[in-house]
Amino acid sequence: MPDSILKYFQSQIGKSIEKSSASLGNWLNGTFVEVKEGEMTVSFVVRKDMTNPLGILHGGAASAIIDDVMGMTVYALGKEFVYVTVSLTVDFLNNAKEGETIYAKTRVVRNGKTLINVECQLINEQNKLLAKGTSNFVATSIKTTL
């Protein structure tokens, strides 16, 4: 099964995320750009309903993007059990305006049996770092399904 989950995500490259089991992921509506074992890139267009009163990407929306893509990256590892976020740290460094395309690029730092550490960079089309996040995911007793 591990290989089949990764292959499924790879088959989604170029497609928007509209049928995820995570409703928040559907609302974010990213598009898969690149999927490798332990790495993923997903693009997002900043919509008005993702912005704060200043018209820039809301920190909560940026955090949701980071957490969601890191979670998909962990799931794509095809582990026997589902892993969930137990910590999330996000640094907001620059802003993104409505209409901009941004990219969440993740990388698994440590792939352990019970704990997986992942990092994410949120960048714009000019490769400017907008935010960076790190997270730890812990194994549950819930079996993974595709």
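Student: How accessible is N29?
Tutor: N29 is partly exposed, with a relative accessible area of 32%. Buried means under 20% relative accessible area, exposed means over 50%, and partly exposed is in between, with a 1.4 Å probe and protein chains only.

Student: Where is N29, and what is its phi?
Tutor: N29 sits in the loop between α2 and β1. Its phi is near 55°, a positive value in a residue other than glycine. Most residues other than glycine have a negative phi.

Student: What kind of model is this, and what are the ground rules?
Tutor: The model is predicted, so local features need pLDDT of at least 70 and side-chain atom pairs count only at pLDDT 80 or more, while totals for chains, interfaces and linings use all residues. Residues are numbered from 1 along each chain as its sequence is written, and side-chain values use heavy atoms, with hydrogens and water left out. Helices (H or I, at least four residues) and strands (E, at least two) are DSSP runs, numbered from the N terminus.

Student: Back to loops. Where is N127, and is it buried or exposed?
Tutor: N127 lies in the loop between β5 and β6 and counts as exposed at 56% relative accessibility. Its phi is near 65°, again positive in a residue other than glycine. β5 and β6 form a hairpin with four residues between them.

Student: What about the hairpin of β1 and β2?
Tutor: That hairpin has two residues between the strands, and G38 takes a positive phi near 80°. Five bridges join β1 to β2, which run antiparallel; two strands count as paired if DSSP finds at least two bridges between them. The bridge partner of K36 is E39 in β2.

Student: What is the strand order in the sheet?
Tutor: Six strands form an open sheet in the order β1-β2-β4-β5-β6-β3, with antiparallel pairing. β1 and β3 stand at the edges with a single partner strand each, so one side of each has no neighbour in the sheet. Neighbouring strands are turned by 20° against each other on average, direction ignored.

Student: How many bridges does β6 make with β5, and how many with β3?
Tutor: β5 and β6 pair over nine bridges, and β3 and β6 over 10 bridges; both pairings are antiparallel. Opposite residues in β6 are A131 for L122, K132 for Q121 and S135 for V118. The bridge partner of T85 is F137 in β6.

Student: And β4 with β5?
Tutor: Nine bridges, antiparallel, and a hairpin joins β4 to β5 through three residues. I102 stands opposite N124 in β5.

Student: Which residues have the most contacts inside the largest nonpolar core?
Tutor: M40, L57, I65, I102 and L122, in a core of 37 residues. A nonpolar core is a set of buried Ala, Val, Leu, Ile, Met, Phe, Trp, Tyr and Cys residues joined through side-chain atoms within 4.5 Å. Elements that each supply at least two residues include α1 (2–11), β2 (39–45) and α3 (59–75). The largest share, nine residues, comes from α3.

Student: How does α3 sit on the sheet strands?
Tutor: α3 lies across β1, β2, β3, β4, β5 and β6, running at about 145° to β3. Axes are lines fitted to C-alpha atoms, for helices over the stretch in contact, and angles run from 0 to 180 degrees between N-to-C directions.

Technical notes
Contact = heavy atoms within 4.5 Å.
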